[in-house]
Amino acid sequence: AIDADGNYVIPDAFQTEPRLQVCARGNSTCTTVAGGKGPGDGRDQFNGPSRVALDADGNYVVADMYNHRVQLCVRGGTKCTTVAGGHGEGSSVTQLVYPADVAIDADGNYVISELANGRGGRLLLCVRGNSTCTTVVGPRTPSPPAPASVHYGRPPCQDGDVAARLLDGVLCAPPCDSSGGCPTDVPEGTVAAPHCALRDKGSGKAYCALTCSGILECPMGSRCVPYDPLTSFCLYPDAADKAMLVMEPAAEPDVLV
């Protein structure tokens, strides 16, 4: 977004400390105006800020995707207020499901689109000053997540895949084939590519994972988690707590080649 002074307002989600940045026009430096306190659901935190809009007063309205909420961050302040969602993932009038974009209409109300990925996202109208939203386009209840009938989904996994724990998330990881190849049937809407990039810490066996470079490349319900400056993985932070193999990135994952 661009503010009244022509500065660029950028939600920076691909960080260990998600934040909202204002970058002065004609200047290569940026300033953090909200967030930057690590991923979380506090008033000074974000978890996957995906889009920002500016209201009539120049305040920042941020779609905070993985917190299932929209935040109003007053210009010049340090903390934000939830104006829509924030009550967990769901379809009630006070809940959102992965809000991906936000706009403001002529009356100052918030128009919010949920991330669909082919699974029934909604367009909602949330009245300013009111914590409830109305569905204007899409199903009245979001479709449930697809079962793990393809690879790289959320545990429990299909036969042949293993429920794997990596960094601070989990995934269903299929084994690499003898030539280092990986299955290519990924969850619907996925842009991230599969690579033979994991190794079981116990057995040393190689497994596949989805590698990503941005927040919107991963399957619905997962996020792009950085391992190092060159390697990030699509992981599910909220899967069922089941017995899992503990993984680590392979010594030379092909994603680095």
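**Notebook: buried aspartates, a sheet and a tyrosine pair**

I looked up the neighbours of Asp64 and found that Asp64 touches Gln45, Phe46, Asn47, Gly48, Pro49, Arg69, Gln71 and Pro99, leaving out residues up to four places away in sequence; contact means heavy atoms within 4.5 Å. The model is predicted, so I note that local features need pLDDT of at least 70, side-chain atom pairs count only at pLDDT 80 or more, and totals for chains, interfaces and linings use all residues. Residues are numbered from 1 along each chain as its sequence is written, and side-chain values use heavy atoms, with hydrogens and water left out.

Asp64 is in strand β5 (residues 60–64). Strands (E, at least two residues) and helices (H or I, at least four) are DSSP runs, numbered from the N terminus. Asp64 has 0% relative accessibility and counts as buried; buried means under 20% relative accessible area, exposed over 50%, partly exposed in between, with a 1.4 Å probe and protein chains only. I found a polar atom of the Asp64 side chain 2.8 Å from the backbone nitrogen of Asn47.

I then checked the record.

Next entry: Asp3, in the segment before β1. Asp3 is buried at 7% relative accessibility. The Asp3 side chain reaches the backbone nitrogen of Asp5 at 3.0 Å. Not counting residues up to four places away in sequence, I list Val9, Val22, Leu54 and Arg75 as touching Asp3.

I traced an open sheet of three strands, in the order β1-β2-β3 with antiparallel pairing; two strands pair if DSSP finds at least two bridges between them. β1 (8–12) and β3 (30–35) are at the edges with a single partner strand each, so one side of each has no neighbour in the sheet. The twist averages 30 degrees from one strand to the next, with axes as lines fitted to C-alpha atoms and angles from 0 to 180 degrees between N-to-C directions. β1 pairs with β2 (residues 19–23) over five bridges, and Asp12 stands opposite Arg19 in β2.

How many aromatic pairs are there? I count one aromatic pair, where ring centres must lie within 6.5 Å, and planes under 30 degrees apart count as stacked, over 60 as edge-to-face and the rest as tilted. Tyr66 and Tyr98 form this edge-to-face pair, at 5.9 Å centre to centre and 80 degrees between the planes. Tyr66 lies in the loop between β5 and β6 (69–73) and Tyr98 in the loop between β7 (80–85) and β8 (99–104), so the pair ties together parts 32 residues apart in sequence. Both Tyr66 and Tyr98 are buried.

Terms used: Polar contact = N/O pair within 3.5 Å; in protein donor to acceptor, adjacent residues only side chain to side chain. Phe/Tyr/Trp six-rings, centres within 6.5 Å; stacked < 30°, edge-to-face > 60°.
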